[in-house]
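I opened a new notebook page for this chain. The plan is to look up a few contacts and pairings and write down what turns up.

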Amino acid sequence: MNRILKTTVLAAAVMSVAGVAQARDQIRIVGSSTVYPFASYVTEEFGAVSDYPTPVIESTGSGGGLRLFCNGIGDGTPDITNASRRMKPSEFERCEENGVTDITEAKIGSDGIVMGQSNENDELDLTLEQIFLAVAAQVPEDGELVDNPYENWSDIDSSLPDREISIYGPPTTSGTRDAFEELVMEAASSEMDEYEEAYTDIRDDGAYIDAGENDNLIVQRLQEDTGAFGIFGYSFLAENTDALNAASIEGVAPEPEDISSGDYPVARSLWFYVKNQHADEVPPMYEYTEMFMEEQMIGEDGYLKDIGLIVLPEEEREEWRQKMADRTQLELSDLE
């Protein structure tokens, strides 16, 4: 390494260390819009009962949060990021490249992705293939793939309503979008002979509407656009049953017991990630994470269950609680 480059790298390292050395007592949290309601509840409780200020929390989407989290260490980077999917190996490697080398992960519960709609509509039972055909950019026709021609749900199957296909969904930075692509798009396309590999391209002709990271906005839009569907996490359905219902998928309704057991086909896990290298300079960080993992938050009688969290089995809750207590360091092999 030449002297100029070496000096530049050294200076960057010193600046990074100097940044994290500026002690603060307010935790900074980013990440998933799905986890946001649960984490927000914990932050408010933490601010109310601890000697520290309420943590700052921002809904950036799972991908956006992990990108910020992995930018490095220091005062300009978040301490914790929430995610509605597990960290990807590529994200872990980026963290390491940027000096974020000591991370602990925690699974907090389960969630189901729902196809929600206004209560003005009758409840539906959709298959994974029908949902795929509504949103895929290209679909099979006469043995080959063509640009999606379907305008109404009844075009896909005559048993479905004669309603325009209009779906408000998450953007590409969202963990909900990642999970939808895996659990719906990949699962459905893998059963169709016309696709040589898993197909996840979503149509861009207006039938699928990128509704941003705020799932509450999707809920509001469905109350105005009563013919549309929305893709979002179960907790937002649980909070709005007076206005919304959700389609069953493959004959299974999105009920907590069926999401927890995995019988509901579009179920996923919820997570948060802690930057252990910030712990010395952000004293309240572990007090917050330990509160999050307590039974009063994520247990069967916990506060978060009341607002839509699907609770993990007791043995699994204890396993993740212990990993957080031990500050178990995440390894790349854990994610592969």
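The entries below cover a helix pair, a cysteine link and a strand with its partners.

**Entry 1. Source of the coordinates.** I note at the start that this is a predicted model.

**Entry 2. Helices α3 and α4.** I looked up how α3, residues 62–69, lies against α4, residues 89–97. Their axes come within 9 Å and cross at roughly 25°. Angles under 35 degrees count as roughly parallel, and α3 and α4 are therefore roughly parallel to each other.

I then listed the residues that meet. From α3 I have Gly63, Leu66, Arg67 and Phe69. On the α4 side they meet Glu91, Arg94 and Cys95. Sorted by class, this contact of α3 with α4 holds three nonpolar, one polar and three charged residues.

**Entry 3. The disulfide.** Cys95 came up again when I searched for sulfur pairs: Cys95 and Cys70 form a disulfide. The count for the model is one disulfide. I read 1.9 Å between the two sulfur atoms. The torsion about the S-S bond is -70°, and the link of Cys70 and Cys95 is left-handed.

Which parts of the chain does the pair link? I placed Cys70 in the loop between α3 and β3 (80–83), and Cys95 in helix α4. The two cysteines are 25 residues apart, and the pair links distant parts of the chain. For the record, a disulfide is a covalent bond between the sulfur atoms of two cysteines.

Are Cys70 and Cys95 buried or exposed? Both are buried.

**Entry 4. Strand β4, burial.** Next I took β4, residues 103–118. I found 16 of its 16 residues buried, so β4 is largely enclosed by the rest of the structure.

**Entry 5. Strand β4, partners.** Which strands pair with β4, and over how many bridges? I went through the partners in turn.

- β13, residues 267–275, pairs with β4 in the antiparallel sense over nine bridges. I checked Asp111, and its bridge partner in β13 is Arg268.
- β10, residues 229–233, is joined to β4 by five bridges, and the two run antiparallel. Here I found Ile113 opposite Gly233.
- β11, residues 244–246, pairs with β4 over three bridges, again in the antiparallel sense. In this pairing Ser118 stands opposite Leu244.

Methods. Residues numbered from 1 in each chain as written. Predicted model: local features only at pLDDT ≥ 70, side-chain atom pairs only at ≥ 80, totals over all residues. Heavy atoms only, no water. Axes fitted to C-alpha atoms, helices over the stretch in contact; angles between N-to-C directions. Helix = DSSP H or I, 4+ residues; strand = E, 2+ residues; numbered from the N terminus. Parallel < 35°, antiparallel > 145°, perpendicular 65-115°, else oblique. Contact = heavy atoms within 4.5 Å. Nonpolar A, V, L, I, M, F, W, Y, C, P; charged D, E, K, R; others polar. Disulfide = S-S within 2.5 Å. Buried < 20%, exposed > 50% of the residue type's maximum accessible area, 1.4 Å probe, protein only. Pairing = 2+ DSSP bridges.
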